[in-house]
Amino acid sequence: MSFEADEEILQDFLVEAGEILELLSEQLVDLENRPSDADLLNAIFRGFHTVKGGAGFLQLDPLVACCHIAENVFDILRKGERQVDAELMDVVLQALDSINGMFAQVREGEQPTPADPQLLEALAALAEPAADAAPAAESAPVIDTVQAPAESDSEPGDITDDEFELLLEALHVLPEQDQGDGQDDDAASSSDEITDDEFEALLDQLHGTGKGPGAAPAAVPESASGDDDLITDDEFESLLDELHGAGKAPGVGDAPVAAPPAAAAPATPPAPVPAREAAAEAPSAAAPVEKKPARVERKTEAGGEPVAAETTVRVDTARLDEIMNMVGELVLVRNRLTRLGLSTEDEELAKAVANLDMVTADLQASVMKTRMQPIKKVFGRFPRVVRDLSRSLKKEITLELIGEDTDLDKNLVEALADPLVHLVRNAVDHGIETPDEREAAGKPRSGSMVLAARQEGDHILLTITDDGKGMDAEVLRAKAVEKGMMDRDAAERLSESECFNLILAPGFSTKTEVSDVSGRGVGMDVVRTRISQLNGTIGIESTKGVGTRIAIKVPLTLAIMPTLMVMLGDQAFALPLVNVNEIYNLDLSRTNVVDGQEVILVRDKALPLFWLKRWLVPSQAGAIDRASASVVIVSVGTQRVGFVVDQLVGQEEVVIKPLGSMLQGTAGMAGATITGDGRIALILDIPGLLRRYARRG
């Protein structure tokens, strides 16, 4: 195909087919649990059919070939000529992976690579009826919109596809009428439309006067045959356009078409027509009547009401980012005006600033909602992940998804995908036992895993819970000593919670053998690093023999960040509020030095204490007023430390601005912003700050 042929059509296909393929992945896993669900089989069939149609229009032949065979498989399944089983699903899911691979190539502007011939052969074998399959009429439920139900004989308005084709043929082979009606003939032959009376006359030729197709004589009242059995001119024209191209009827240009006069009785057709009539009568009497074409059926089901106008519009994400940046600038101006309003005694100005504050907050919330996406975009891939892993590890696992409609920033949805995949794989491999082990422990053979999301204030809480074997703190301590991460005494001092957090350390794994699933000690380190980059936190709870719960907390958006403003000398700095736990006045009587590191006692627990001024404003480090200083306790992953600051300014929402090229990559700096009083404040990256300076005290 030529990708430059019509970029707009290609982009429409990429969006629509991408959504369908995502949905197919969920539906196929769901089908394994509900193999006899006719609606689900129909939906999957339509999904492959729609992707095939779009790919065929763009001449993506390898994509068409694979989708076509998959479509045939589900046609066989919904007819009941084959049953859904695990082996069939394995092949179909492999085919879906192949289709996704080809789709990714098309997205990148490349020609799709044909699927593996062996895969296509295996898929084609499944598209044949099973040898021991029962007849379709006995084993498969009749599907309303695809197969013709027997009771449709009672619907007088339906005609079969064959009857409709015969109508079209009869319309365009009728002989020209006498020249005496020249004016009428000329008008008819110069127009692509036929009148209601002409169409009614054609129906009378096929089925007899006053009867609809397939209806018993006198079964339909006269008023019904005049109202319900007709399709409108627009509907008929749209059918002609769909069959033969817009604006022309079949045979136009070859011979003029003459329509019968409106008031005349049905004319006797030439010799071939009675044969067609007889052929049309037979199936209508002997065979179940099929539905009308779907396009007409949808209109009649809607009762003739106009289709609702489209309520969505597709917008480039770059434009949304631009709008978000402008709202961010407005937030900075609002902060500045709010600060000025507090310092003036002008009541009218104070009211105007308060109103601006409220409107800006509403605008900010509305713009943020345009960037929000349901976390279902991430959750949707996990049924397939769990299904494939459980089959390869010979485990039985049930996955439950809760809170799929929870919304968060689009960038966060994409960023959370990898950490969640690692956590789910870890739970399947390390957490859930094999069926025999579970049975021996008095548990159900099938393990349970719950992936949940919910909003808590301006944060999202994600939890992964399993009912597996849990974690043993003693085993984790021994493994940490074995790998040289700490000595025996340090390991013994670890609390149970700190032992659980060891699994997040780089290179730590309880597996003795490396497999394609786990054993390298990389996955959980990726989780910790990624969550820290998102200004999030991670917590682990586990009970031996009962199960494990991992909780991740991340902000709703990364564009606008709530911070705690502090002063170091005359320079302002912003600490991400998500990391701040509590604040104390500095009490020198509660500080000690342990192994050369100054610590502060907080509820009988010693936390490392660092003087930020010595790191960030070394020129003023000597001028520290210990009496007025404050300690901010922050969390970094599972670790808590204290930062000494000169002054607390307060909480403030800030817009993160990237650092200039000269400062880009500076350790411990996440960006910059403008404070309410017009000063520039640096936003601190606490994990980076500790990595850069903590070793040096």
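Student: Is H49 buried or exposed, or in between?
Tutor: This is a predicted model; local features need pLDDT of at least 70, side-chain atom pairs count only at pLDDT 80 or more, and totals for chains, interfaces and linings use all residues. Residues are numbered from 1 along each chain as its sequence is written, and side-chain values use heavy atoms, without hydrogens and water. Buried means under 20% relative accessible area, exposed over 50%, partly exposed in between (1.4 Å probe, protein chains only). H49 has 40% relative accessibility, so H49 is partly exposed.

Student: Which residue does UniProt list for "modified residue: Phosphohistidine"?
Tutor: The entry is unreviewed, and such annotations may be inferred rather than shown by experiment. The listed residue lies in helix α2 (residues 38–57). UniProt names H49.

Student: What is the strand order of the open sheet?
Tutor: The sheet has 5 strands with mixed pairing; two strands pair if DSSP finds at least two bridges between them. Strands are DSSP E runs of at least two residues, helices H or I runs of at least four, numbered from the N terminus. β2 (397–402) and β6 (537–543) each have a single partner strand, so they stand at the edges. The order is β2-β4-β5-β7-β6.

Student: In β7, what is the bridge partner of T463?
Tutor: Strands β5 (residues 459–466) and β7 (residues 547–555) pair in the antiparallel sense. For T463, the partner in β7 is A551.

Student: How does V333 count by relative accessibility: buried, exposed or partly exposed?
Tutor: V333 is found in helix α14. Its relative accessibility is 46%, so V333 counts as partly exposed.
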